[in-house]
Amino acid sequence: MFPINLPSYPVKIINRGGKPKIFDDLRRRYVALTPEEWVRQHFVHYLIGHLGYPASLLANEVELSVGQKKLRCDSVLYGLHAQPRMIIEYKAPTIPLSQRVFDQISVYNMQLRVDYLIVSNGMEHYCCKMDYEHQNYLFLTEIPKYENI
């Protein structure tokens, strides 16, 4: 897979039907190993192992209904009372983090109204804190530790 700008972890990869699969600890199963999935798994392990995010409050592939459309948030962090707190959108390392990516995560946030939005392609990571009172957001210089959100 691609080298990325995230810490390594003990990756579990198998081959099924000639296709590589990576173990997703949150979904507790092997999933297709795509470049985006490579980023997701490393990012989730970074959040849990380095920034103190509880695995029990994270979920991958969270389905949303927006009108007649079914959408999926790549990852969502929930608060202690099951309210969404953070949406994370992943792209493959070869995909630039453009305005289109931020537009995509903004659509998800119209429904969830979280405190933080993160986008990552494994090479670059952007985190912003939402300020609904002033209808604004602030890009942070780093992804906050769980204890600081």
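The model is a predicted one, so local features are taken at pLDDT of at least 70 and side-chain atom pairs at pLDDT 80 or more, while totals for chains, interfaces and linings use all residues. Residues are numbered from 1 along each chain as its sequence is written, and side-chain values rest on heavy atoms, with hydrogens and water left out.

Let's start with the strands. Helices (H or I, at least four residues) and strands (E, at least two) are DSSP runs numbered from the N terminus, and two strands count as paired if DSSP finds at least two bridges between them. Strand S1 (residues 13-16) and strand S2 (residues 19-24) run antiparallel and are joined by 4 bridges. Arg16 has Lys19 in S2 as its bridge partner. The two strands make a hairpin with 2 residues between them, and Gly17 in the turn has a positive phi of about 60°.

Then there is an open sheet of 6 strands, in the order S4-S5-S6-S7-S8-S9, with mixed pairing. Its edges are strand S4 (58-66) and strand S9 (136-140), each of which pairs on one side only. From one strand to the next, the twist averages 35°; axes are lines fitted to C-alpha atoms (for helices, over the stretch in contact), and angles run from 0 to 180 degrees between N-to-C directions. Within this sheet, strand S5 (residues 69-78) and strand S6 (residues 84-90) are antiparallel and share 4 bridges, with Leu77 partnered by Met86 in S6.

Two helices lie across the sheet strands. Helix H1 (residues 35-51) lies across S4, S5, S6, strand S7 (116-120) and strand S8 (125-131), at about 145° to S6. H2 lies across S4, S5, S6, S7, S8 and S9, at about 155° to S6. Met110 sits in helix H2 (residues 99-112) and is exposed, with a relative accessible area of 67%; here buried means under 20%, exposed over 50%, and partly exposed in between (1.4 Å probe, protein chains only). Together with Val66 and Val107, Met110 makes a nonpolar surface patch of about 260 Å². Patch residues have over 30% relative accessible area and no salt bridge, with like charges joined within 9 Å and nonpolar side chains (Val, Leu, Ile, Met, Phe, Trp, Tyr) within 5 Å.

Over in helix H1 sits Glu37, which is buried at 5% relative accessibility. Beyond its neighbours within four places in sequence, Glu37 is in contact (heavy atoms within 4.5 Å) with Ile22, Asp24, Arg27, Val31 and Ala32.

What about charges? The whole structure holds 9 salt bridges, meaning a side-chain nitrogen of Lys or Arg within 4 Å of a carboxyl oxygen of Asp or Glu. One of them joins Asp74 and Arg40 at 4.0 Å, N to O. This pair links distant parts of the chain, with Asp74 in strand S5 and Arg40 in helix H1, 34 residues apart. Both ends are covered up: Asp74 is buried at 5% and Arg40 is buried at 2%. Glu61 and Arg72 also form a salt bridge, with their closest N and O atoms 3.9 Å apart. Since Glu61 is in strand S4 and Arg72 in strand S5, the pair ties together parts 11 residues apart in sequence. Glu61 is partly exposed at 23%, and Arg72 is partly exposed at 42%. Salt bridges with shared partners join Asp24, Arg27, Glu37, Arg40, Glu61, Glu63, Arg72 and Asp74 into one network. Lys91 and Glu89 form a salt bridge too, at 3.3 Å between the closest N and O atoms, and both residues are buried.

Methods
Areas by Shrake-Rupley, 256 points an atom, 1.4 Å probe, with all protein chains shown as cover.
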